[in-house]
Amino acid sequence: MTAIPATLGPRTPAEARMQQLRITVSKLRRNGSAMLGLILLVIIFGAAIFAPWLSTHDIYAQDLTNRLARPSAANWLGTDELGRDIYSRLLHGGRITLYIACLTAVISAPIGLVVGMVSGWFGGWVDVVLMRVTEIFLAFPSLILALAFVAALGPSIENAIIAISLATWPPIARLARAETMMVRRSDYIAAVRLQGASAWRIMVGHIAPMCVPSVIARVTLNMASIILSAAGLGFLGLGAQPPSPEWGAMLSSARQFILSNGHVAAAPGIAILITSIAFNLVGDGLRDVLDPRHD
Amino acid sequence: MRDTVLEAVDLTISFNDGAVTAVKGAKFRIERGESYGLIGESGCGKSTILRAVAGLNTDYDGSILFEGRELPERRRKEHFRAMQMVFQDPYGSLHPRKMVQAVLAEPVRLMGLGDEQRRIDEVLRNVGLGPEFRFRYPHELSGGQRQRIAIARALIVEPKVLLLDEPTSALDVSVQAEILNLLTRLRRELGLTYLMVSHDIAVIAHMCDRVAIMQHGRILEEITAPDVRAGRVAEDYTREFLAASAPAITA
């Protein structure tokens, strides 16, 4: 709680916001594991975005004379059971995995945030109804829920995204609700109420800014489980379909050679592992930096 | 002629569907320009009265009259504008993620007053802070500076009555005096009426013209500031309460 001498303070709102941002970034930079996660994520996203330029082979081109090859100069990570280049497929698979993970986050975070804030602010029967619905979703293991949904709608990436979103929003709603219930009793919210602000305005302008940071941190942590769910659905043949190079699907088709040619399964497996860890590290760091209680 | 600004008649406030009665039949009248104190030990219901008067808790029996007219359960903007509140804890009463400029602009916009920047600069000057404080966040301010911002937020809508909920009890002793002097000066310059809650008899004796002593949700008696200093009281409880804080008054 240091009071800065008046003369040193920022002179415009933009300057003040920049200063806050710099403080946040410098806090994040001092967090070694978060920075490691961030670097990994940048590499993974970069690899996914530039996959067409970074890949060395056509990902669908089969070469049955060269199947299950060990890593070599021609095929950096070897080839799979149909002689396709694993390195190239891994890069393109990253696109699908990150596409699923990001879209799921974009769908589930706002739903969770709105449900949680409405529930926490209004309380009473609104809270009871919304929380019982949330609990019904929470009661199912997320993969089972996603499985049931995909089984009903048919396997595809889009359905996998919807299915995983269904399983992802309830914990976010619970988080936003808890945060809202804590904030709504505070004096600064009482002060806005005394200015005649509507419930809507209070939620959007005053409560959401308190909930959003912890939701962002939570969603980043959830990314790991989203990626695992997506890979799980792909593995079970209910997500991305062959010959799509989705990591779960790759792992699934490689599992019959896991004892004889381990590297075929290891490549997508390690990719899933590293991506999940990277999201987890960044999420942990973000939680430390963004959570107001850590100030 | 008496010019009553704020009046409470048989104010009774219960919580948990009547299981706990926090305030029982409270009654007081506050004249224009007066500073009226509510004092008592913690849990006696003084803050509850303040929150009901402010309109934060509309679940009460009896009536609260502003300038002779009864306040409705659902307050309208003009009611909010006429009465503003300063909270006890300046660390909890400012939004941690909003800079001073945004905190002060919000009430101007909500009340549709216009002329935002001029009002903000003026109110900051009034509470003794320069315009450079506009772009600060609460965590960059000291406790006293925060409380000044909270007072500025209340004053920016030009209220007639200021409800003060122990405005200095969370501050350092040296800062307490600054804030109390600021409040005294503002009342004189802006012609404000204060309803002030405190458990600190020294603060009340310094700030208020008349004081109501509360115990267990009831107002026991009403005495003037000179009576407080001289110890002229009717109730035993008041005498005990004053005796317990006697060094504070005579000092």
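These notebook entries record what I looked up in a predicted model.

I kept to residues numbered from 1 along each chain as its sequence is written, with chains lettered from A in the order in which they are written. Because the model is predicted, local features need pLDDT of at least 70 and side-chain atom pairs count only at pLDDT 80 or more, while totals for chains, interfaces and linings use all residues; side-chain values use heavy atoms, without hydrogens and water.

Entry on strand 6 of chain B. I looked up strand 6 (residues 83-86) and found both faces covered, with Met83(B) and Met85(B) on one side and Gln84(B) and Val86(B) on the other, all buried (under 20% relative accessible area, 1.4 Å probe, protein chains only; exposed is over 50%, partly exposed in between). Strands here are DSSP E runs of at least two residues, and helices are H or I runs of at least four, numbered from the N terminus. I then noted that strand 6 pairs with strand 7 (residues 161-165) of chain B in the parallel sense over four bridges, where pairing requires at least two DSSP bridges. Met85(B) stands opposite Leu163(B) of strand 7.

Entry on backbone angles. I listed Asp10(B), in strand 1 (residues 4-15) of chain B, with phi near 45°, and this residue is partly exposed at 43% relative accessible area. Glu158(B), in the loop between helix 5 (143-155) and strand 7 of chain B, has phi near 55° and is partly exposed at 48%.
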